[in-house]
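Visitor: I would like to learn how to read helix packing and a chain contact. Please take me through an example.

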Amino acid sequence: MEAHCIDVERIGDITDLPANHPDRRHAETCPRCRSLVESYLEFMKSDAAAGSGVEKARPVLDARIREGAQRWIPADARASRLSSRAPWWRGFLKPAPMLAGAAAVVVAAVVLWNARGPEEAVLRDDAPVSSPAFSLAPARVEDGSIRLSWTAMPGADAYEVRIYGPDLSEIYRHPATPETSAEVTRSALPADLPSTLDLTWRVYALSGGDVIEASAPGSIRTP
Amino acid sequence: MPPASKHTWDKTVPDEQLLRIAQGDGDVDRRRAAATELVRRYRDAVYLWCFRYTRDSERALDLSQDVLAAVWEKIGTFEGRSKFSSWLFSVTRNRCIDASRRVDLLADEFELGEVPDPAPLPDAVFEDERDEDWLLRTIRTELEPQEQQAIWLRCVERLSVDDVTRILGVDGASGARAVLQRARRKLRAAIDRRESG
């Protein structure tokens, strides 16, 4: 390995570099780095080789992933959990404070449940896989409004447009409409959204109120 | 299948976005679901790379489970200086290399293709790391760039001969085999010179 060879952890970034970048040029001429790039590309392709047994392996690996997820506690959550072991709250374990605390928790839960809004949802794929025939037209921004349109989905009797913020949390949901277009005014979006912010939108095709198809996500920019 | 969760993400959501959610603040379930989706995306890639390396499905399964365990240990502190996929590739590759007794640059095609954990040929058994450094230097000085790459791809990255042939764009019936044989002949000659000198 030469002194300026690319670190393995960075090998996936090399192909994104401009052609004249020194690291890219090095990777194209150094046999070791070129091999690493090729090996990374094979990793990303993940073509199943004959006899690999990947179908058999999947349930085992999924179980391991589930197990890992259940055990995984993000570092900051772990820290807050540890700090919550401090003895100051032990007094709350006495019956009266416990009852008062439980009542407060119930009240808070009811308030939060009633106050929950569409912004708690996130871009998700629990809807049926989008069909290529169900597609979004490019969004147009006119007079401070966003005009959205899409192709009709056979079997759908209404469409629901959802817009997601940069963190993919839902920030707006347009009432279901039988039309294949909708207009979203700037004022309908959260007031604190900056202009020219990239957002994601998606249309859900409904039949009898049930989602039967979801479009692929599209991009729009706040007016 | 990932754990049952109210949080699932579209496949178009980039890895980096999922990583930000997983490492961000807020609902731990949501963060866990984002991390799960991220890991699950590469389940097959990790397993298949391990299989390609070991040519043994049982060993590949063991190794890929080790990799997944390592990923769960480190995902919270992964700094994101490189792509997640690149980092995961490096974890997978290192685990496979660590698990084999050594990178055997002189193993022949029979050993690479048929034996899950090939032993080095007698003339490639080195006393210590200095010998390996010498061999790596020799590869650079004695072999043509195409031969070097063929050796790297086949013996370190453990790509199949067909894949090496395709990547190198080698013509001819024997494909990359001829390049590999030539490279190994040169390396053995260099080793002989070293031992007799």
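**Reading the helices of chain B**

Guide: Start with burial. In H4(B), the buried residues are Ala60(B), Leu61(B), Leu63(B), Ser64(B), Gln65(B), Val67(B), Leu68(B) and Val71(B). Buried means 20 or more other C-beta atoms within 10 Å of the residue's own, exposed means 12 or fewer, and partly exposed is in between; C-beta atoms are placed from the backbone. This is a predicted model: local features need pLDDT of at least 70, side-chain atom pairs count only at pLDDT 80 or more, and totals for chains, interfaces and linings use all residues. Residues are numbered from 1 along each chain as its sequence is written, while chains are lettered from A and ligands numbered from 1 in the order in which they are written.

Visitor: What covers the buried residues of H4(B)?

Guide: The cover includes helix H4 (54–71) of chain A, and helices H2 (28–41), H3 (43–54) and H5 (84–99) of chain B. Helices (H or I, at least four residues) and strands (E, at least two) are DSSP runs, numbered from the N terminus.

Visitor: How do I read the packing of two helices?

Guide: Two packed helices are described by the angle between their axes and the distance between the axes. Axes are lines fitted to C-alpha atoms, for helices over the stretch in contact, and angles run from 0 to 180 degrees between N-to-C directions. H4(B) and H5(B) pack at about 130°, with axes 10 Å apart. That makes H4(B) oblique to H5(B). Under 35 degrees counts as roughly parallel, over 145 as roughly antiparallel, 65 to 115 as roughly perpendicular, and the rest as oblique.

Visitor: Which residues make the contact of H4(B) with H5(B)?

Guide: H4(B) uses Leu63(B), Asp66(B), Val67(B), Ala70(B) and Val71(B); H5(B) uses Leu88(B), Val91(B), Thr92(B), Arg95(B), Cys96(B) and Ala99(B). Contact means C-beta atoms, placed from the backbone, within 7 Å. By class, 8 are nonpolar, 1 is polar and 2 are charged. Ala, Val, Leu, Ile, Met, Phe, Trp, Tyr, Cys and Pro count as nonpolar, Asp, Glu, Lys and Arg as charged, and the others, Gly among them, as polar.

Visitor: At what angle do H9(B) and H10(B) pack?

Guide: About 95°, with axes 8 Å apart. H9(B) and H10(B) are therefore roughly perpendicular.

Visitor: How many residues does each chain bring to the contact of chains A and B?

Guide: Chain B brings 55 residues and chain A brings 48 residues. H3(B) gives the most to the chain B side, with 8 residues. By class, that side has 27 nonpolar, 16 polar and 12 charged residues.

Notes:
Contact = placed C-beta atoms within 7 Å.
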